[in-house]
Amino acid sequence: MFIIQYILHPRSVGAVKASSGHLAKRMIEDVDFAKAECIVELGAGTGVFTEQIVEAKKKETLFLIFEINDAFYKKLRRKYKNIPNVHVIHNSAEYVGRYLKKYNVKKADAIISGLPFASLPAELSDRILNACRRCLKAEGSFITFQYTRLKVALLRRFFSRISMKKENRNVPPAYVIRCRV
């Protein structure tokens, strides 16, 4: 499924293969699930990170999952539609603030991003990152991964504190980048 969606939508899918379970664990290892009231996932794809988040979050934690690709959205919707406080949203990540407001949440504790910033148009990347910065709690984290460090400069325009870890057990290896306001 993943490779077909990449062929059909290379700018928005951004990879030919889903992320590994190792990368998923690395992406969420710094999230404080015991305290989190709201977690957002952007570009969930086939749900590798989603699965880890659903397992780790408290039942009362609101979890908003954004996926713009029709096929991935339908798959995620079928899988998670009956889980309380989990909402799969078929819309662009740039509208994260609109959905926080819809669900009566002021700010997110963590935003986990699987978005391919290397292939997204620059203006769209800017709108998404600006929205994410505005929607994070003061000590919240925006966590993304990239296959190169080329987009770190872009992230620094929106976030003042950035740390990076490499996950070599993913194909290809990926950098997990944790950003804070």
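Buried means under 20% relative accessible area. Keep that cut-off in mind as you explore these close-ups of a predicted model.

**View 1. Glu 139 and Arg 180 are joined by a salt bridge.** In this pair, the closest N and O atoms are 3.7 Å apart. Glu 139 sits in strand S5 (residues 136-146) and Arg 180 in strand S7, so to speak two distant parts of the chain, linked across 41 residues. Arg 180 has a relative accessibility of 19%, so this residue counts as buried.

**View 2. Arg 127 and Glu 94 meet through their side chains in a salt bridge.** Here the N to O distance is 2.7 Å. Arg 127 belongs to helix H7 (residues 122-135), while Glu 94 is found in the loop between strand S3 (86-89) and helix H6 (96-102), so the pair ties together parts that are 33 residues apart in sequence.

**View 3. Asp 30 forms a salt bridge with Arg 178.** Look for the closest N and O atoms, 3.9 Å apart. This pair links distant parts of the chain, 148 residues apart: Asp 30 lies in the loop between helix H3 (21-28) and strand S1 (38-42), and Arg 178 lies in strand S7 (residues 174-180). With 34% relative accessibility, Asp 30 counts as partly exposed.

**View 4. Asp 30 and Arg 178 also belong to a network of salt bridges.** Across the whole structure, a search finds 14 salt bridges.

Key
Residues numbered from 1 in each chain as written. Predicted model: local features only at pLDDT ≥ 70, side-chain atom pairs only at ≥ 80, totals over all residues. Heavy atoms only, no water. Salt bridge = Lys/Arg side-chain N within 4 Å of Asp/Glu carboxyl O. Helix = DSSP H or I, 4+ residues; strand = E, 2+ residues; numbered from the N terminus. Buried < 20%, exposed > 50% of the residue type's maximum accessible area, 1.4 Å probe, protein only.
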